[in-house]
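Welcome! Take a moment to look over the chain, and then let us walk through it together.

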Amino acid sequence: VTWEKAKKFNVGVDLVAFDKLSFTIDYFHDNRFDQLVTRHDMPLLLGIGVSPLNVAKTVNRGIDGSVGFQTNIDRVNFHTNFVFSYAKNKVIYKAEAQQRYPWLAETGKAINQPFGYRYIGFYTPQDIQLIENNDPNAPAVPNTDTPVRAGDLKYKDLNNDGVIDDFDKSAIGKPNLPTTSLGWTLGANWRGFSLSVLFQGSFDY
């Protein structure tokens, strides 16, 4: 067991014009490897536990930057600055078990990607009639002992086996980590007095 490792690449541009306008932008690419995970790609028939190993790989890449402007009017100095950041990550390898269907795999998805059922509507009285008559066109039903009723949530049968179970889960929603962050600062200085306002937000999570 060792510390995880990283290979980083970063390139950027800085510009200043007329001592008033400034601009900065950076591109980054971060490869992390030898991350500590418990392997799930070994057969359970072995009947033994597996210690965590440094085998996982992830990648994170994106851009960040800022645009600033300042000027003086008489004795008042005005300044504003806009900052932005956009980044996405992905699991390259995590020694997960071989999945029966590709939509079940976490590899290739964002880190901490949530999985669940895809909602497609509600069961209608017509759906219930088809289910009770064992009609081949009847919608899939959950694999539970509780019969469905009109108005219950209906989920997509991804493998088309007529049953809603764990094999019908797929990536839904987004991880609780924003891909985009923005910030905007407005300020002014006059005779030792200063005033500033900050607006900040995060999106896409």
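Predicted model: local features only at pLDDT ≥ 70, side-chain atom pairs only at ≥ 80, totals over all residues.

Residues are numbered from 1 along each chain as its sequence is written, and side-chain values use heavy atoms, with hydrogens and water left out.

## The overall picture

The C-alpha trace spans about 85 × 50 × 25 Å along its principal axes. The radius of gyration of the chain is 27 Å, whereas a compact globule of 205 residues would have one near 17 Å. That radius is taken over C-alpha atoms, and the globule rule is 2.2 Å times the number of residues to the power 0.38.

Of the 205 residues, 21% count as buried. Buried means under 20% relative accessible area, exposed over 50%, and partly exposed in between (1.4 Å probe, protein chains only). The accessible surface of the chain is about 14600 Å², and carbon and sulfur atoms account for 57% of that surface. Accessible areas come from the Shrake-Rupley method with a 1.4 Å probe; for residues, only the protein chains shown count as cover.

Strand β2 covers residues 21–37, and Val37 lies in it. Leaving aside neighbours within four places in sequence, Val37 is in contact (heavy atoms within 4.5 Å) with Pro52, Leu53, Val55, Ala56 and Lys94. From Val37 to Asn133 there are 96 residues in sequence and 48 Å in space, C-alpha to C-alpha.

Leu21 is also placed in strand β2. Leu21 has 39% relative accessibility, so this residue counts as partly exposed. With neighbours within four places set aside, the contacts of Leu21 are Leu15, Val16, Val67, Gly68 and Phe69.

## A look at Ser66

Strand β3 runs over residues 53–73. Not counting residues up to four places away in sequence, Ser66 touches Ser22, Phe23, Thr24, Asn81, Phe82, Val83 and Phe84.

## Aromatic rings

How many aromatic pairs does a search of the whole structure find? The search finds seven. Rings of Phe, Tyr and Trp (its six-membered ring) pair if their centres lie within 6.5 Å; planes under 30 degrees apart count as stacked, over 60 as edge-to-face and the rest as tilted. The Tyr117 and Tyr155 pair is tilted, because the planes meet at 45°, with ring centres 5.5 Å apart. This pair links distant parts of the chain, 38 residues apart: Tyr117 is in the loop between β5 and β6, and Tyr155 is in strand β8.

Tyr119 and Phe122 form an edge-to-face pair, with 5.6 Å centre to centre and 75° between the planes. Tyr119 is partly exposed at 45% relative accessible area, and Phe122 is partly exposed at 43%. Ring pairs also link Tyr101, Trp103 and Phe167 into a cluster.

Conventions. Helix = DSSP H or I, 4+ residues; strand = E, 2+ residues; numbered from the N terminus.
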